[in-house]
Amino acid sequence: MTPRKRMTRMVFPSAGRPTIHAVAALLGASLLTAALTLLPVETAAGLLAAGSAGFAVAMLRGRTKGPRLRAIALAAGVLLTAAAGLASGIAAWVAPHRLVADVPLPAEIPLVSLFLVTAFYLPAVLRPAQRRDPLARLRTGLDTVGVTACLIFPPWLLLFSNPDNRRGAAITALIFGAAAAATVAVAGVHAIRHRAALQWCGGGAALSLIGLTAMVFGHDFPFIPNASIATLVAAAAINVAAGLLWYGSVRIHPDVRPIPPAGSEPSASFPLFALPILGSTLVTVYHLLHGGRVDPFSIVLGVTAIMAVAGREWTSAVALRRHADHLTSQGNRLRSLVFGSADVAMVLDADLAVRWQSPAAARQFGLSDQDVLGRQAAALVHPMQADEVHAFLGARMLARSEPSADSIAVQLRDGFGRWRATEWTTSGSDPAEPGHTLVVHVRDVSDLRDLEQTLRESAHLDHPTSLANRQGLRRAAELVPDAGAMIVIELGGLTAIGDVHGPDLAEAVVVEAARRLRNGVDSADVTARLGDSRFAVLTRCGAVRAHLLASQLLNALTAPYLVAGTSSHLSAWAGLADRTADTDVDEVVRRAALALRSVRSGPPGAVEWYDEEMETRLLRRSTLEQDLPGAVARGELDVHYQPVFDLPSRRPVGVEALLSWRHPTLGRVPAAELLPLAEDLGLLAQIEHWQLHRSCRLLAGWRRQHESLWLAVNVRPGELAGPSFQASLPTALETYRIPPSALVLEIAEPDLLAAEDLASHLGRLRAQGIRTAIDNFGAGPTSLSRLRILPIDLLKIDRDVFGQSSDAGRHIGEVLDATVALSQRLGLEVIAHGLQATADLDTVRSAGCRLGQGDLLGPPMPAEHLEALLEQHRDART
């Protein structure tokens with residue numbers, strides 16, 4: 001900012017944009033006054049009409065509260081009207097006698113503009129479409145016809161009843177302008193949607209069209225006295241109309257008023273014909289008093305207007321009658337609801353005395369009108385509550401116009417002298433006497449209070465066993481703050497008892513188990529039932545005694561149950577958690593339940609304490625169980641490939657596919673954790689199918705350069721018997737044209753013990769030409785003699801066999817030599833798995849191992865890196 005501008009701001013702090021606008025407005029007003037004084041009246045009228053363009057600019061530039069397209073269309077009509085007024089004024093000054101098709105040019109310009117402006121106004125006012133029934137549409141049509149006839153009648157009678165005054169431009173403008181003005185005016189009056197805005201816009205558009213029509217008249221009859229004055233008045237009307245259009249489209253929100261119900265629109269009784277009929281009557285009287293005559297067309301217009309008024313009144317009467325019938329029906333329905341309601345309604349006057357009560361008072365409370373009417377409402381309640389009720393009703397009386405959901409419990413004396421528990425609410429004033437009354441609703445809640453008391457007494461108990469429920473356990477924990485531990489016990493076998501002997505016997509067994517549980521604890525301990533087969537004990541015992549108590553309870557609960565002549569047996573597990581002062585009972589129960597979950601899959605009778613590591617492990621397991629379904633579709637599974645080398649030549653002869661899961665939050669999940677989890681969830685076949693086809697597709701490309709390359713894939717023993725996996729193997733081999741000998745299925749040694757019919761499954765694979773291997777041999781309890789039974793082709797010796805400390809080196813060599821020698825005698829290829837150091841490589845070479853695998857030779861890598869490695873060895877070989 002320059003120093004001069006800064007000084008100006010300091011000396012004249014109020015100077016700015018408002019001052020500039022004021023100066024501009026003053027200058028414009030001065031110029032307009034001078035133009036009106038110095039120029040001819042017709043030209044001055046054109047300049048005055050051009051001033052309405054300011055409203056159009058404001059409509060285009062300002063923020064509108066209604067639809068933007070409406071404001072644009074109306075602004076376009078206003079601009080066109082202003083331009084037509086200016087052009088006709090200039091034409092009246094420059095070429096007043098110029099004719100266009102026998103029409104003076106100053107009249108032809110507004111006449112043509114009348115059609116164009118109507119094209120802008122009609123869509124703006126007729127939108128949005130109004131939802132009307134057929135009767136309302138008929139009433140709207142009659143209004144349009146009647147208003148059109150009333151607008152045409154006075155000018156026709158005064159001007160065109162004389163045939164010498166009939167000029168084509170004026171007649172065209174009169175008929176078209178009257179019809180268009182009546183259409184937009186009636187549309188605004190009858191609007192239901194956007195009613196507040198369209199009433200302003202419809203009236204403004206009608207006034208604007210009438211002004212244009214009057215301007216045509218003024219320029220088409222220049223020889224008639226006061227024609228120039230009519231033109232000036234028309235220009236002023238155009239400015240007023242522009243202001244109305246601006247206000248209705250910019251300043252008024254379209255939905256200020258609520259939409260009235262069907263048949264009750266305010267326009268049904270709106271005196272729409274009052275002014276047009278009165279004006280037509282006065283014009284007729286004036287015309288006849290001055291010796292004028294009524295031509296046939298004027299008679300037709302008058303008859304049309306009268307018939308439209310008659311039809312309109314008939315439709316309004318029908319609409320009002322239907323609305324009255326609707327109100328009567330609603331009143332009858334409301335009356336039946338009041339008479340049949342179980343709640344008592346009372347109307348209080350300004351002094352809080354009962355003026356009226358519903359018939360339900362006698363039916364529900366035995367209170368007659370003689371006992372209640374005229375008495376203070378506070379006199380009907382218990383004396384100890386009288387002041388409270390009076391204050392409540394007094395406060396609601398002050399806010400009687402607003403219904404309230406607040407209620408007050410009141411002891412009300414019934415007609416038999418008994419105190420009844422009731423609930424009082426208010427719903428504002430009586431609609432028949434608003435502002436002076438208060439409607440009170442009285443509901444009998446005696447039975448509800450008795451039921452609540454019963455529920456409160458039994459809410460803390462489990463009814464079949466009479467033990468505390470979860471809520472009762474929370475309450476007991478508040479009363480036993482020095483409790484030391486929480487024991488959660490799960491019973492197994494109840495479902496089987498219910499399936500075999502019926503649910504009644506299963507429930508009887510549960511009751512007996514609860515009795516044993518209650519007898520097995522100290523009287524100060526709290527026993528509870530948390531579910532169908534889950535119980536809890538809150539004990540004051542310390543950690544050692546709580547563990548001993550849990551074991552004793554499990555022994556008691558697993559003893560045979562002799563119920564109804566039937567001997568039943570249950571299994572049980574227990575989880576324990578410490579009770580600390582800063583931990584609520586729900587958290588302690590949750591921790592004990594987590595400990596129970598960790599042993600639930602183990603043998604019966606197990607007891608486990610909660611620790612944070614357990615929770616972390618179980619939380620990880622739960623997260624993986626929730627997220628594993630859909631991991632294949634989300635593209636979260638990865639396969640890395642680790643090459644298997646021929647040790648003498650250091651060339652890759654095979655690759656092992658290592659599956660992993662890129663979990664979004666837990667990171668990479670290895671195959672050793674992923675595959676058992678997928679097997680438990682029934683997703684193993686889907687994942688193995690994806691891994692097998694992906695790896696076989698890559699192997700097919702690699703074998704084009706390395707024909708002897710084979711692929712090893714880890715599988716679970718239980719998967720070998722699955723029909724889907726058995727079908728996937730030949731499909732993948734056939735799809736990618738891979739010989740069966742190029743595929744090796746690896747089974748981890750720890751999984752051999754849990755497998756059933758493993759030898760037959762492996763024999764079937766060998767018959768198909770697919771090779772099999774035992775992974776991590778030496779890390780489990782499998783003996784060397786079992787290798788003679790299983791049809792195995794490859795043996796991957798784990799690093800635990802050859803990678804021990806130097807003190808045991810001699811024994812390592814002997815064990816490794818024996819393993820390699822036996823394998824070679826059985827026709828098995830031996831792979832030293834887990835080579836990490838040069839010493840490991842020397843050890844396995846000296847033992848006669850020809851194949852090796854490990855990070856020393858090549859770590860697991862993505863398929864792209866493996867391709868580069870294979871390309872490197874192919875180039876070296878070449």
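**Close-ups of a pocket, a sheet and a cavity**

**View 1. The largest pocket holds about 1200 Å³ of space.** This is a predicted model, where local features need pLDDT of at least 70, side-chain atom pairs count only at pLDDT 80 or more, and totals for chains, interfaces and linings use all residues. Residues are numbered from 1 along each chain as its sequence is written, and side-chain values use heavy atoms, with hydrogens and water left out. On a 1 Å grid over the protein atoms alone, a pocket is an open set of points with protein on both sides within 12 Å along at least five of seven lines, and a lining residue has an atom within 4 Å of a point. Points are joined across faces, edges and corners, and the volume is the space filled by probe spheres set on them.

**View 2. Helices line the largest pocket.** Helix 7 (134-160), helix 8 (168-189), helix 9 (195-220), helix 10 (227-251) and helix 11 (274-289) each give two or more residues to the lining; helices here are DSSP runs (H or I, at least four residues), strands are E runs of at least two, and both are numbered from the N terminus. Helix 9 brings the largest share, 12 residues. Of the 43 lining residues, Leu151, Pro154, Pro155, Ile210 and Ala214 lie nearest the pocket's centre. The lining splits into 33 nonpolar, nine polar and one charged (Ala, Val, Leu, Ile, Met, Phe, Trp, Tyr, Cys and Pro count as nonpolar, Asp, Glu, Lys and Arg as charged, the others, Gly among them, as polar).

**View 3. Five strands make an open antiparallel sheet in the order 4-3-7-6-5.** At the edges sit strand 4 (354-357) and strand 5 (407-413), each pairing on one side only. Two strands pair if DSSP finds at least two bridges between them. From one strand to the next, the twist averages 35°. Strand 3 and strand 7 (438-444) pair over five bridges, and Ala345 stands opposite His441 in strand 7.

**View 4. Helix 15 (386-398) lies across strands 3, 5, 6 and 7.** The helix runs at about 20° to strand 6 (419-426). Axes are lines fitted to C-alpha atoms, for helices over the stretch in contact (heavy atoms within 4.5 Å), and angles run from 0 to 180 degrees between N-to-C directions.

**View 5. The largest cavity has a volume of about 50 Å³.** A cavity is a set of grid points where a 1.4 Å probe fits but cannot get out; three of 30 Å³ or more turn up. Strand 3 (344-348) and helix 13 (360-365) each supply at least two residues of the largest cavity's lining. Among the lining residues are Val344, Phe365 and Trp424, and the lining counts nine nonpolar, no polar and no charged residues.
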